[in-house]
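Student: I have the sequence and the coordinates open side by side, and I'd like to go through them with you. Could we just take it piece by piece?

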Amino acid sequence: MNNRDLFGLGIRNLLRRKTRTFLAVIGVVVGTCAIVVMLSIGFGLSANFQEQIESYGNLHLIDIYSNGGMMMGGMNNGKPAVLDDKAIAAIEKIEGVDAASPKESIYLTFAIGKYICNNEVIGLRPEVMQKFNYELQDGRLLRTGDKYTMVMGNQIPLMFFNPKKSQGNEWSDEPKVDVITNKMIITADEYYGQKRPKDEEKITYKEYKTKCVGVLANPNDDSAYSAFMPLDIVKAIEQDTARAEKEPKKSKSTGYENAMVYVGNINDVEDVSNAIRDMGFQTSSLNDWLKSMQETANMIQGILGGIGGISLFVAALGITNTMIMSIYERTKEIGVMKVIGANLTDIRKMFLLEAGMIGFIGGLIGLIISFTLSLLMNTVLSEVMGQALGEIAGGYGSTVSIIPWWVALGALGFSTIIGLLAGYYPAKRAMRLSALESLRNE
Amino acid sequence: MSDLKNHIKQDTKIDRKPLIEVKNVRKVYRMGDEKVIALDNVSLTIYKGEIVCFLGTSGSGKSTFLNMVAGLEKPTRGEIFIGGIPIHKLNEAKITLFRQKNIGFIFQAYHLMTMLTAMENISLPLIFGGIEKKKRNKMAKDMLKAVGLKGYENRKPSQMSGGQQQRVGIARALVGKPKIIFADEPTGNLDTNTTKEVMKLIVNMVMDNNQTLIIVTHDRSIADYADKVVTIQDGNILNVKEQNKKDMCKEEC
């Protein structure tokens, strides 16, 4: 018996008992919907968590802190771990690490004309900044050979103020300066352009002409409030400042205090963090957060999916019941088929196919309804659903429900398999039915 | 009609190849604690091209005999060979395949599939045999014409009379050109006139194709169409009578 004939007979048999088929299909539809919609809410939650955390910063970045030579914790072969160029080179070699750079920061005053702004400047190796994947709103990132060059977060231009007219930073919606085209100087002088307190009057700070070459795009994370310059320049400014303030010369450098690492694949972040911690340094990344939030999301998703799973299980019982009833009804027919030459496997295939089709059709309709529901939840019901979920999970974002393509395919496959499994016992029973007994059954 | 007479002569005199050999077959059913002997000790040889009629009252064991020769039941003891193949030893899958290739069945209650049309019902054995659609449609159509139901292709069984349904049943049994055709009370549900028509149809078609026909019935008038009449009583063969079957021409002409 070829497959096309098998299929044709199967469809006819299903259509023959429309009501019962319809009810069995409805069962699968409800089950599929329950699973897919529940899972989609879980995915929505999880995506919202990620969205939320990403808005705080870049999930690919790991911050590294040396322990400042302290004896607490960070030990490497008995000696305190030192975050020097050698250590950075070793970190760069860890699998999954795309780029690493030491990080020095200094608090400086930026001045453009009569407007100033006090802000932290982070020194990075200019050649690796591009690998850190900062998005630009304007201009370019730092690159090899840059000297007095700066890239700043997009909130900094808004922070420039005229010290003669106002006290301290004053937020404005419109930047008063154009950081890229206007000439800028930077200095360690906190009171640049203002009257200094008496005890600092004698210090002469250097002023450095600096060119701002780029503005970063992300308005939410901490890079929006940072300015970046080449590491060597920041170090030079630090030294100049120390000299000007006549600080006692530091003992020979014991390495950097901080470093930054960029990991290309988010899934590697945890392993890389662990490897760096094993070297004796402390790390922090937003990924640590994300993980615990994701665990919560997974748990919620598991519970929701489980509820859905129960409905599909009930649907499977419905299919089995439908098929068993159908065997009772068709006992005679099965017997006749056997007598006139249906192979045993044909009989089994016929029943399996019918059950499988109930599963498949139910799954298909269920998916269509699921996508519709998902769309509704994300649009019309978005506010209500968001609030309800926000209370469960703490925080919600723009999308309530997400159905990834593999869940859709998986659900379809799953409902079909459920149908086949549910049909297995009835099919076997039909196959084993004695032809003779069936014919006597009149 | 001379063709037909030659054919009969050939049947009875020249072509005496044993097709079905039944040797010392016994069948015992268990009904609770009681044993019921359906067949006691039956031996019989049926030759190719013969038309054999089993006569007996209900409970005589004639249906049990038919079922065992068709491989639907296994004998408690004894051997059954069809064309040299030991039917009693084959497993269910093999015997199904054997039936599909060699045996056609005509039932008392027609047993047509209610959801299928006449054409589809006739095609069913071919569908099970995996024959492609174009070929089997032609075969089914020819068969439908041969049983006189041209134009009834798309009728469902519920839209046909008993006689018409049985014609479809006959067409279904014969469409695969099986060597042996079993008919279990084929006219049991039909009136006298229809019985005659249907019997004539079966016998003529079987003779045209040189097939072997085994009819089981309690109706003595049916026995007239057979070359050999086997009377069964209480699980044993009472007598075997060879005869010249009724000349169909007499009634027809």
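Student: Which residue in β2(B) is the bridge partner of M31(B)?

Tutor: In this predicted model, M31(B) has E34(B) of β2(B) as its bridge partner.

Student: And how many bridges join β1(B) to β2(B), and are the strands parallel or antiparallel?

Tutor: Strand β1 of chain B, residues 18-31, is joined to β2(B) by 10 bridges, and the two strands run antiparallel.

Student: What's the strand order in that sheet?

Tutor: The order is β2-β1-β4-β5 in chain B, an open sheet of four strands with antiparallel pairing. The edges are formed by β2 (34-47) and β5 (85-86) of chain B, each of which pairs on one side only.

Student: Which strands does α2(B) touch when it packs on that sheet?

Tutor: Helix α2(B) touches β1, β2 and β4 (77-82) of chain B, and the direction of the helix makes about 120° with that of β1(B).

Student: How many residues of helix α2 are buried?

Tutor: Eight of the eight residues of helix α2 of chain B, residues 62-69, are buried, so the helix is largely enclosed by the rest of the structure. The buried residues include K62(B), S63(B), T64(B) and N67(B), together with F65(B), L66(B), M68(B) and V69(B).

Student: What follows α2(B)?

Tutor: The helix α2(B) is followed by G71(B), which has a positive phi, near 80°.

Student: Which strands does β3(B) pair with?

Tutor: With strand β8 of chain B (residues 212-217), β3(B) is joined by five bridges and runs parallel, and I51(B) stands opposite L213(B) there. With strand β9 of chain B (residues 228-233), β3(B) pairs over four bridges, again in the parallel sense, and the bridge partner of F54(B) in β9(B) is V230(B).

Student: How many residues of chain B are in contact with chain A?

Tutor: There are 21 residues of chain B in contact with 19 residues of chain A. On the side of chain B that touches chain A, α3 (92-102) and α4 (118-128) of chain B each supply at least two residues, and α3(B) gives the most, with six residues. The residues on that side of chain B divide into 11 nonpolar, six polar and four charged.

Student: Over in chain A, why does V177(A) count as buried?

Tutor: V177(A) counts as buried because 20 C-beta neighbours lie inside 10 Å. This residue sits in the loop between β7 (149-152) and β8 (184-187) of chain A.

Student: What is V177(A) in contact with, leaving aside its neighbours within four places in sequence?

Tutor: Those contacts of V177(A) are I112(A), Y115(A), P157(A), F160(A) and N182(A). The C-alpha atom of V177(A) is also 9.9 Å from that of A111(A), although the two residues are 66 residues apart along the chain.

Student: Last one: how many helices and strands are in chain A?

Tutor: Chain A has 10 helices and 12 strands, and 40% of its 442 residues are buried. Of the contacts in chain A between residues at least 6 apart in sequence, 82% join residues at least 24 apart.

Terms used: Residues are numbered from 1 along each chain as its sequence is written. Chains are lettered from A and ligands numbered from 1 in the order in which they are written. This is a predicted model: local features need pLDDT of at least 70, side-chain atom pairs count only at pLDDT 80 or more; totals for chains, interfaces and linings use all residues. A residue is buried if 20 or more other C-beta atoms lie within 10 Å of its own, exposed if 12 or fewer, and partly exposed in between; C-beta atoms are placed from the backbone. Two strands pair if DSSP finds at least two bridges between them. Two residues are in contact if their C-beta atoms, placed from the backbone, lie within 7 Å. Ala, Val, Leu, Ile, Met, Phe, Trp, Tyr, Cys and Pro count as nonpolar, Asp, Glu, Lys and Arg as charged, and the others, Gly among them, as polar. Axes are lines fitted to C-alpha atoms, for helices over the stretch in contact, and angles run from 0 to 180 degrees between N-to-C directions.
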